[in-house]
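Work through the following exercises with the sequence and the model open side by side. Each task is followed by a solution that goes step by step.

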Amino acid sequence: MERYVDDAIVLSSLDYGEADRVVTLFTRGHGRVSAFANGARKSKRRFAGALEPTTFLKVQLVETRGDSARLDGADIQQSFHHLRDDLGHIARAMYCLELCRELTRDQEPHAVLFDALLDYLKRLDARQAGPTSLLKFELDALEQTGFMPRFSPCAICGGATGPQPRFDPEHGGVMCANCSMRQPGGVAVAPELVEALARLQGGARVPLPPEMRARARGLLNVFIAHHLGRKLKTVEFMEQVGTD
Ligand SMILES: [Zn+2]
């Protein structure tokens, strides 16, 4: 049984039995880890406030059977409580947590994605992250986990996407008019949206206008649902809150 210390962000937390909790952590060195927090509900002092989703922790974990672990200790490094004052910010944070939980596997380290999530939560908490930052975070998360959608050039022939591109998650992203004639399916997408997403993916930090963001959000929702086989639960929460 290996014992280790790692940085971790709480992705989700569930009550278990009468006294315990099971937390899903995203750790910098060990990726996603499900950990048992024995007695977390009986002794309020032991993990006081540490097991809430989004909290950034220094954790002491002990490997147990299979892929799970036992949480022996958790010190709060940052709890991001400003973020919790705003429903829109909560929705965005929850969406990012679910995205990381669903795109990664247990014990598969993704240090770059961990740092991107931590940076995003810090900027959200400091009210420095606009809606375009969320799209950028998603594109980075997809790239880090091997699901990167292609916006330009054409995902099939590698040529220019042209004036009538179509978007089809089945083929990995945007196709030119020629390829989409041979590969029916997908949806028509405006060339300026394809260009904006390609620029964002390339690292440009230019805020997108709301109407374009909404269309980009729609495309990414379809892409992610296609690859995961289901829609993320927090998409509905974001829609209810009216945030993007
Ligand atoms: Zn093509």
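**Exercise 1. Determine whether Cys176 and Cys179 are buried or exposed, and describe the metal site.**

Step 1. Cys176 and Cys179 are both buried, where buried means under 20% relative accessible area, exposed over 50% and partly exposed in between, with a 1.4 Å probe and protein chains only. The model is a predicted one, in which local features need pLDDT of at least 70 and side-chain atom pairs count only at pLDDT 80 or more, while totals for chains, interfaces and linings use all residues. Residues are numbered from 1 along each chain as its sequence is written, and side-chain values use heavy atoms, with hydrogens and water left out.

Step 2. The zinc ion has as its protein donors the SG atoms of Cys154, Cys157, Cys176 and Cys179, at 2.3 to 2.4 Å; donors are N, O and S atoms within 2.8 Å of the metal (3.2 Å for Na, K and Ca), and water is not among the atoms, so sites may look incomplete. Along the chain, these donors follow the spacing C-x2-C-x18-C-x2-C.

Step 3. The angles among the four donor atoms are 103 to 117°, and the zinc site is tetrahedral, a label given to four donors if all angles lie between 85 and 135 degrees.

**Exercise 2. Locate His110 and Ala126, and state how accessible each one is.**

Step 1. His110 lies in the loop between H1 (87-103) and H2, and with a relative accessibility of 13% His110 counts as buried. Leaving aside residues up to four places away in sequence, His110 touches Phe26, Gly31, Thr104, Gln144 and Thr145.

Step 2. Ala126 sits in the loop between H2 (111-125) and H3 (131-144) and is partly exposed, at 45% relative accessible area. Its C-alpha atom is 7.7 Å from that of Leu83, a residue 43 positions away along the chain.

Terms used:
Tetrahedral: all angles 85-135°; square planar, octahedral: opposite > 155°, others 65-115°. Helix = DSSP H or I, 4+ residues; strand = E, 2+ residues; numbered from the N terminus. Contact = heavy atoms within 4.5 Å.
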